[in-house]
Amino acid sequence: MAEQEWMSEVRAKVGREYGRVYAWDEVNAPMIRQWCEVMGVDNPLYLDADYAATTEFGGIVAPPAMLQAWCLEGLHMNNYAPGSTDENPYEVLKTLEARGFPSVVAVNSDLSFERYVRLGEKLYYTTRLDAVGEEKTTALGTGYFVTLIMSFFSQKPAGDAGGDERVGQLLFRVFKFRPANVPKPVEKGAAAAVPKFKRPKPGVSDDTRFFWEGVDAGKLLIQRCTCCSTLRHPPAPVCIKCHSFDWDTVEASGKGSIYSFVVMHYPEVPPFEHPNPIGLIELDEGVRLVAGLVGVKRDEIQIGARVQVEFQSFDDGELTLPMFRPIAA
Ligand code: ZN
């Protein structure tokens, strides 16, 4: 099948190099330490200056897998370091979106390295649109594989004879597609044809059944060890304190306070309303549970705010969930 004219415009961009994106900071020990902490890496080559000094590297080097981290934009989108290009290496993806291939799934991301980078090096990368595949139909839908290659360089002082040195690359491939089996647009007045999404059901086991049966009956039940009276939630077969298997339940007052919370914005998955605030509730009895928050705007949610349980019915009575609503202190 002959390709559309717009596609030849896309193909004409293959091979294009997009400008530099600079790192905000030179390669530095604090970022390495924090990255290792988050990733659970304890290699002394990255963390222990005395040890690293005894190695062939003569000092701390950055974990290779951290390469991409140096040039990231940070917490705020498109907040790139001064001097970075304002070209958009993803412009082809935008074109595909506009032409009816809106969905995206990352299919592979391969990092490769030339060498370790050392403290004090200043990195940048450039992006090349490497390939746009032929139209393909997969289980997800019909679309195009798009491959971008980011090449990372260590910047050398102006006038350095060798020039900037390539230290690694990131190959990033996405599938831009028109989803298969998308429900056809519904005519006005045919709302009944819109598929109705139900809430996922809780996984009920022999350990948790009492809790959900309590919820169905409008009660918030907490498991209690009959040997030492320790309360526990989430439900578990054994007392964490005295290891007894014997337990009964007590009915909670349903009052508590917000110990912590998150507000889910994306992805917007039906049937949930978005933004979707979720609280970690500390009950007055002392145990905590995770539950939806109702009756509060997201910017008014306060740690420590008093809340009261209420039981809400979903999916035509198929599911009852404990939700928490702020009340006056
Ligand atoms: Zn106990």
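Visitor: Which ring does the charged end of arginine 178 sit over?

Guide: The charged end of arginine 178 sits over the ring of phenylalanine 101, 4.6 Å from its centre. A charge sits over a ring if NZ of Lys or CZ of Arg is within 6 Å of the ring centre and within 35 degrees of the ring normal. Please note that this is a predicted model, in which local features need pLDDT of at least 70, side-chain atom pairs count only at pLDDT 80 or more, and totals for chains, interfaces and linings use all residues. Residues are numbered from 1 along each chain as its sequence is written, and side-chain values use heavy atoms, with hydrogens and water left out.

Visitor: Where does the charged end of arginine 288 sit?

Guide: The charged end of arginine 288 is placed over the ring of tyrosine 259, 3.5 Å from the ring centre.

Visitor: Which residues form an aromatic cluster with Phe101?

Guide: Phe101 forms one aromatic cluster with Trp6 and Tyr144. Rings of Phe, Tyr and Trp (its six-membered ring) pair if their centres lie within 6.5 Å; planes under 30 degrees apart count as stacked, over 60 as edge-to-face and the rest as tilted.

Visitor: How many aromatic pairs are there by this rule?

Guide: The count comes to ten aromatic pairs. One of them is the tilted pair of phenylalanine 210 and tryptophan 247, with 5.0 Å from centre to centre and 50° between the planes. This pair links distant parts of the chain, since phenylalanine 210 lies in helix H6 and tryptophan 247 in strand S9, 37 residues apart. Helices (H or I, at least four residues) and strands (E, at least two) are DSSP runs, numbered from the N terminus.

Visitor: Why is the pair of phenylalanine 211 and tryptophan 212 edge-to-face?

Guide: The ring planes of phenylalanine 211 and tryptophan 212 stand at 90°, with the centres 5.1 Å apart, so the pair is edge-to-face.

Visitor: Turning to H6, which of its residues are buried?

Guide: In helix H6 (residues 209-216), the buried residues are Phe210, Phe211, Gly214 and Val215. They lie on the same side of H6 because they cover an arc of only 135° around the axis; the arc is that of the directions from the helix axis to the C-beta atoms. Buried means under 20% relative accessible area, exposed over 50%, and partly exposed in between (1.4 Å probe, protein chains only).

Visitor: Why does phenylalanine 210 count as buried, and what about tryptophan 247?

Guide: Phenylalanine 210 counts as buried because its relative accessibility is 13%. Tryptophan 247, at 30% relative accessibility, counts as partly exposed.

Visitor: Which strands do the buried residues of H6 pack against?

Guide: They pack against strands S7 (221-225), S9 (247-251), S12 (288-293), S13 (306-314) and S14 (319-326), where contact means heavy atoms within 4.5 Å. H6 lies across S12, S13 and S14 and runs at about 75° to S14. Axes are lines fitted to C-alpha atoms, for helices over the stretch in contact, and angles run from 0 to 180 degrees between N-to-C directions.

Visitor: In what order do the strands close into a barrel?

Guide: Five strands close in the order S10-S11-S12-S14-S13, with mixed pairing. Two strands pair if DSSP finds at least two bridges between them. S13 and S14 pair in the antiparallel sense over eight bridges, and serine 313 has threonine 320 in S14 as its bridge partner.

Visitor: And how many bridges join S10 to S13?

Guide: Three bridges join strand S10 (residues 255-264) to S13, and the two run antiparallel. Serine 257 stands opposite arginine 306 in S13.
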